[in-house]
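Q: Could you walk me through reading a few features of a protein model, one at a time?
A: Gladly; have a look at it first.

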Amino acid sequence: MSAPRLVFATGNSHKISELEAILAPAWEGFDSGTIARMSDFDADAPVEDGASFEENALIKARHLAAFTGLAALADDSGLTVDVMGGAPGIFSARWCGRHGDDAANLDLLLAQLADVPDALRSAAFVSAAVLVLPDGREFVERGQVRGRLLRERRGGGGFGYDPVFVPDGHALTTAQMSAEQKNAISHRGQAFRALAPAIIDYLRS
């Protein structure tokens, strides 16, 4: 197994698996050992005080690249609801006031949208993925999938707001889809696939 050359600023196993699933087919010699995760290092998480998904992803990647000396990959993503002016947006993971409480975040969102008619429940999942190299070069890509929000949960897969999000052109929520189906259309999958050439070029160099 190769020594790590890139570190991913996440402890989320879903994101690690998704990235590996995207890189492996694109690079015949892909070795997952070249990618470390943030938890492999004794690095404090930076304050994500950016005003956009891109800014917060760059804050995480720049911090980790400086701490480890490795190339760093990060993403920031969330749900934007049209009738709420784009909220919860960058606050998606802590919408209820506690970071990472998926059930409470979703309960609050559904309560806030209780009186919103079906025709106005349009939304989008958005993700910004960034790569920061040791020489200071930075690559930024964005992915987005539009859809609509249901009034109750469906499906036991995925995480976050997946149980109520139905992508345009589909009948299932992203929590009802298989991992392969979701990755093929997801906002994060789009952003990672767009960033993959830069990642592979660096790892091959």
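**Reading the model, feature by feature**

A: Let us begin with helix α5, whose buried residues are His187, Arg188, Gly189, Ala191, Phe192, Leu195, Ala196, Ala198, Ile199, Ile200, Tyr202 and Leu203. Buried means under 20% relative accessible area, exposed over 50%, and partly exposed in between (1.4 Å probe, protein chains only). This is a predicted model, where local features need pLDDT of at least 70, side-chain atom pairs count only at pLDDT 80 or more, and totals for chains, interfaces and linings use all residues. Residues are numbered from 1 along each chain as its sequence is written, and side-chain values use heavy atoms, with hydrogens and water left out.

Q: How does the span of helix α5 agree with its 18 residues?
A: Helices (H or I, at least four residues) and strands (E, at least two) are DSSP runs, numbered from the N terminus. The expected span of a helix is 1.5 Å times one less than its number of residues. For α5, residues 187-204, that gives 26 Å, and the end C-alpha atoms are 26 Å apart, so the two agree.

Q: Where does α5 bend?
A: A bend at a residue is the angle between axes fitted to the seven residues ending there and the seven starting there. In α5 the bend is about 40 degrees at Leu195, with a proline, Pro197, following within four residues.

Q: Is Asp76 buried or exposed?
A: Asp76 lies in strand β3 (residues 71-81) and counts as buried because its relative accessibility is 8%.

Q: What does the side chain of Asp76 make a polar contact with?
A: A polar contact is a pair of N or O atoms within 3.5 Å; within protein, one must be able to donate a hydrogen and the other to accept it, and residues adjacent in sequence count only if both atoms are side-chain atoms. Here the partner is the side chain of Lys60, at 3.5 Å.
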